Amino acid sequence: LFIARLVHLHRCRQRFCRAKCRESLMWRLRCRSPAFGGLSRRVAHRWQSSQAEVRGKHVPIGEAGSGYYSDHTKGCYDVVDKATPMMLEACRSALAQRQQRKAMESAEPFVICDYGCADAGTSLPMMRKLVRMVREAEPSTPIVLVYEDQPQNDWSSVFNRISGDIPSVGGFGEATLEKGITEEHENVSVFATGVSFYQRNLPEGFADLMFSATAMHWLKTVPKPMPDLLHSCMAEPGSPEDLEYEAAALDDWKCILEHRAHELKPGGVFGVVSFSKTPEGYFLGRSSHVKESMHAHFLDIWRSFAQTGLITNDEFVATNFPMRYRSLEEYLAPFGGDVAPSADADFPVVGATAGGLSTSGRFEGLRVVGAVYGEVRCPYHVRWMNEGDQSSAEAKKAHAEHYVPTTRTWSNSTFEMGLSRSRTPEDRAAIVERLFQAYTDVVAARPGENCMDYEHVYMAIQKE
């Protein structure tokens, strides 16, 4: 009966029926596995990791076409700026490969793809530099920019930013409009794909450069419900929740790499900036610079809502971030996991001069040029500590209201998805609004001890 249901699930094309089949199969796995009661833990894990990706994990907030995400995520400009030397060196390497195969003479397009682009604002300063470098080296070459994100992404903002209709400037200075990238350079084409980066997006051997910042930590789905936690970064190392997320994240990372390996041209480079958990236990919103943790506050506030009856206990349990902040070793695991000092000193940020690590192994024809931990300070916190009126309650409140939206741009949809569909959309939105108001109050009370410092792994991965 189990096999029959599995075959039926594979063949069935009706969404409602497939959901019922999955529910039945998962019940049988729980009854038979040792992790749940019978089948091997490995089989149970393979079933979970093979499920289709959950849609709508990240739903943009703010007015469509306004560029809300980048305007309220100023730290990501600094994150991408830190990766820019790595990507410029990758571009030089790709241009050298193209010169050897006489790519310009054959009018072979130079293709750059940005995975998990959001509204394209935070990567646009870097993208301008890459396009200028390519155009200087190959004046007549067609340049193709491909932006990838979910179907519900704010695609209007992507094209508004690329065309120069809205500004794309980091920091806190006055925003100014720049000429659109397609106006500044001739023969530049821009495309968008709403296909997940867990699937093939480009033809075989199509891309010269790939880039992704703060996106690859999103998993296909929540691998294991965590009844007492919201995010796996809060799980005790070695706990069942931690191990389950680590295993699922490894499978998902391999899936991502396999598709990118097919899409890259020989010699092409995939530059990755992805959230991490450091050996010291630091992660997004928890660092050596502050005493308090953003994710700990989210957990405490959401739990208090359950305790006071604002949300149900089932809703609290259902709220889990489908994310994994991997360690450096986890990112290198598909390549063999044997880390050694990187021999590629010419790759800034990730090379030997920056203390970068590499691996001797290969995965699907990819090799790690270099990988290193990197921290970027929360610009809101830095500004407050340097310029804020520490004695003014009004200034503290204004700082908190300015800072908290940067924590909401990526987390809002997770809290809304955790709430019951029996609630009206207005009710769900009101509850989430109360969550972020409560967090705003926490930050306003202790602005010096709360921030969203960024902890990443920076990686350069090359196709041989």
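The model is predicted, so local features need pLDDT of at least 70 and side-chain atom pairs count only at pLDDT 80 or more, while totals for chains, interfaces and linings use all residues. Numbering starts from 1 along each chain as its sequence is written, and side-chain values use heavy atoms, with hydrogens and water left out.

**Nonpolar cores.** Select L145, Y147, L209, W302, F415 and Y439: of the 88 residues in the largest nonpolar core, these touch the most other members. A nonpolar core is a set of buried Ala, Val, Leu, Ile, Met, Phe, Trp, Tyr and Cys residues joined through side-chain atoms within 4.5 Å; buried means under 20% relative accessible area (1.4 Å probe, protein chains only). Helix α5 gives the most to this core, with 11 residues; helices are DSSP runs of H or I of at least four residues, and strands are runs of E of at least two, numbered from the N terminus. A second, separate core of 31 residues includes V146, L257, L332 and M459.

Next, centre on F415. Beyond its neighbours within four places in sequence, F415 is in contact (heavy atoms within 4.5 Å) with residues including F298, W302, F321 and F436. These residues also belong to one aromatic cluster, together with F305, Y380, Y403, W410 and Y439.

**Aromatic pairs.** Rings of Phe, Tyr and Trp (its six-membered ring) pair if their centres lie within 6.5 Å; planes under 30 degrees apart count as stacked, over 60 as edge-to-face and the rest as tilted. The count comes to 18 aromatic pairs. Display F275 and Y325, whose ring centres are 5.5 Å apart with planes at 50°, so the pair is tilted. F275 lies in strand β5 (residues 264-275) and Y325 in the loop between α11 (313-318) and α12 (328-332), 50 residues apart.

**Helix α13.** Select residues 379-387, where P379, Y380, H381 and W384 are buried. Their cover includes α4 (68-71), α5 (74-100), α14 (393-403) and α15 (405-408).

Finally, show H58, P60, I61, Y68, Y69, A118, D119, N153, D154 and T409, which line the largest cavity. On a 1 Å grid over the protein atoms alone, a cavity is a set of points where a 1.4 Å probe fits but cannot get out, and lining residues have an atom within 4 Å of a point.

Conventions
Buried means under 20% relative accessible area, exposed over 50%, partly exposed in between (1.4 Å probe, protein chains only). On a 1 Å grid over the protein atoms alone, a cavity is a set of points where a 1.4 Å probe fits but cannot get out, and a pocket is an open set with protein on both sides within 12 Å along at least five of seven lines; lining residues have an atom within 4 Å of a point.
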